[in-house]
Amino acid sequence: MGKLELEERTADSGSARRELADAVELSGVWREFGDRPVLRDVSFALARGGTLALLGPNGAGKTTLLRIVATLLRPSHGEVRVLGCSLPAQAHRVRGRLGYLGHEPLLYRDLTAAENLRFQARLYGLPDDGRGRIAELLDTVGMARRANELVRNLSAGMVQRLAACRSVLHDPELLLLDEPRSHLDPEGASLVEALIGRRPDRARVLVAHDIEGALGDSDNALALAAGGAVAYSGPSTGLSVGDARAIYGGAL
Amino acid sequence: MTSPEEGTGGPGARTHSLRAFTAILAKDLRVELRTLQAVPAMVLFAVTTFVLFRYGLDRTSLSGSLAAGVLLATVLFAAILAINRLFVPERDEGGFDAIRLAPVDGSALLAAKAAALIVYLVVLEAVALPVFGVFFLDTWTGVAPLAGVLLLTDLGLAATGVLVSQIGANSRARDLLVPLVLLPLLVPVMIAAANSAQRLLAAGGPSYGGIGKWLAVLALYDVTFLLVAYAVYDFVLED
C-alpha cells in the first residue's frame with residue numbers, strides 16, 4: 001500500500017475515528033451455510049498493531065471467520081468493523097488495506113512467480129508494477145532465482161513462500177494468516193517470518209495449530225469450538241496452553 | 001489501493017478500473033497463449049463442424065438462411081466452449097478471491113473477461129470464415145459486411161456469456177447449466193444475426209434491403225445486456 005494514499009485517506013472526513021478504531025471488531029457475528037450455523041455469536045476486538053491467535057479444532061469456523069474479516073464472506077448476522085469500516089457495506093474501503101494468506105495460494109499456475117506478483121501489483125496500483133518491491137520480496141524468501149518459473153512447476157513449499165510475498169506485496173495494515181507455515185520447512189518458515197511477522201504498524205489475525213507458538217506470538221487469543229467462541233483472552237488475561245489444548249480435546 | 005475518489009466514482013476510480021481491466025485481460029491472453037486451451041478447441045470444433053455439414057448435407061454451396069444458420073450455429077456452439085472455460089482459472093486457482101481482495105471494481109473483471117471472449121471469437125472467425133467461404137460460398141462479396149454482423153454478434157455473446165459463465169462458475173453442473181441458461185437468452189441475438197447474415201449470403205450476392213432493422217436489434221441487444229451485466233455483476237461476484 002502506498003503511504004501517500006494512506007495519508008490521503010486518513011486526512012479524509014472521519015479519519016479520526018478510523019485512526020482510533022480497533023483493527024478488527026466483531027460483535028455477535030453469526031454465519032450459517034444453509035441451516036447449519038458455522039459461527040455462533042462470536043465477538044472480539046483486535047487493537048491496531050496487535051496479534052490475535054485464532055485457535056480451535058478442524059471445523060470450528062476459524063477459516064470462515066477469517067474470510068468474513070477479509071470481506072470474502074458476509075456474516076449472516078452481527079456487526080463487523082475492519083480498519084474502522086463497517087462490513088460488508090464498506091468492503092470497498094477495506095480491500096487493498098489487508099493481506100490474506102489462506103489455504104489456497106491465490107496464484108495462477110500458468111503464470112511465473114514474477115508474473116503472478118506483477119499481476120497483483122497492477123491490481124493494487126503499485127508504481128512501476130511493483131518491480132522493485134517484487135524483487136525485494138522474492139529475494140527475502142530465497143526465490144529470486146526462480147522468479148521466472150511457472151507456479152505449476154514449483155513445490156508446495158515454494159508456492160507457500162510466493163503466496164506470502166503476494167499477501168504482503170502492498171504492505172497491508174492488517175494481515176490475515178490461516179496456517180501460514182503449512183508446507184514450509186524450517187528454513188522456509190524462517191524466511192517467510194520476515195514478511196509476515198510482528199510489526200508495530202500492522203495488526204495480524206493468526207490461525208495456527210501450533211498452540212504454544214501461536215500463543216507466544218500473540219497478544220490476544222480467541223478459541224473456537226463448533227462455531228462458538230469458548231474462550232477469549234485480552235492482553236491482560238492469558239489463555240493457557242492447557243486451556244487451549246482442552247478446547248482441541250473438546251473438554252471446554 | 002482504493003483511493004478516496006473510488007467510493008464516489010470519481011476520476012481516480014476510472015483510472016484504476018482501467019488498470020485492473022488491462023491487467024486481467026493481459027493475464028488471460030498470456031495464459032491462453034501459453035496453454036492454448038480455448039481458441040484451438042474452438043477453431044477445431046468450427047472446422048470439423050463445417051466438414052460435417054459439407055459432407056452431411058452433400059452440398060458444395062450454401063446461400064441465404066441455410067448458410068447463415070450453418071455459420072452462426074457453429075460460431076455459437078464454439079463460443080460456448082470458451083464461455084464454459086472463461087472463469088475456470090478464477091475458480092480453480094483462487095482468482096476470484098485474489099481479485100476481490102484487491103481494490104478493484106467488479107466491472108473491471110466483467111469487462112476484461114468479455115474483452116478476452118471477444119478476442120477469442122474474433123480469432124475463431126478469422127480462421128472459420130475463410131474456411132466456411134471455401135467450403136460453401138460461390139461468391140465472397142458478402143463476407144466483408146458479414147464480419148461486421150459477426151462483430152455485433154460477438155458483443156452480444158460476450159455480454160451474455162460472461163454473466164452466465166460467472167453465475168455457473170461455482171456450480172458442479174457448470175457444463176450443463178451454462179448452455180441451459182445461455183441458449184434461451186441468446187435467441188434474440190441469433191434471430192437478428194441470422195436475418196442480417198442471410199441477406200448478405202443470398203445467392204447471387206448480398207442484398208441490403210431490411211438489414212438495418214436487424215442490425216439495430218442486434219445493437220440494442222448488445223447495449224441492453226452490457227448494461228444488465230454491468231448493473232448486476234458486483235452482486236453476482238459477491239458470495
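A:Gly130 touches A:Leu117, A:Arg118, A:Ala121 and A:Leu169, leaving aside residues up to four places away in sequence. Contact here means C-beta atoms, placed from the backbone, within 7 Å. This is a predicted model: local features need pLDDT of at least 70, side-chain atom pairs count only at pLDDT 80 or more, and totals for chains, interfaces and linings use all residues. Residues are numbered from 1 along each chain as its sequence is written, while chains are lettered from A and ligands numbered from 1 in the order in which they are written.

A:Gly130 sits in the loop between helix 5 (113–123) and helix 6 (131–140) of chain A. Helices (H or I, at least four residues) and strands (E, at least two) are DSSP runs, numbered from the N terminus. A:Gly130 counts as buried because it has 21 C-beta neighbours inside 10 Å. The cut-offs are 20 or more other C-beta atoms within 10 Å for buried, 12 or fewer for exposed, and partly exposed in between.

Now helix 8 of chain A, residues 186–196.

| Side of helix 8, chain A | Residues |
|---|---|
| Buried | A:Gly188, A:Val192, A:Ile196 |
| Turned away, exposed | A:Pro186, A:Glu187, A:Ala194 |

The buried residues of helix 8 of chain A fall within an arc of 60° seen down the axis, so they line one face. That arc is taken from the directions from the helix axis to the C-beta atoms. These buried residues pack against strand 6 (98–101), helix 7 (156–168) and strand 7 (174–178) of chain A.

How values were computed: Contact = placed C-beta atoms within 7 Å.
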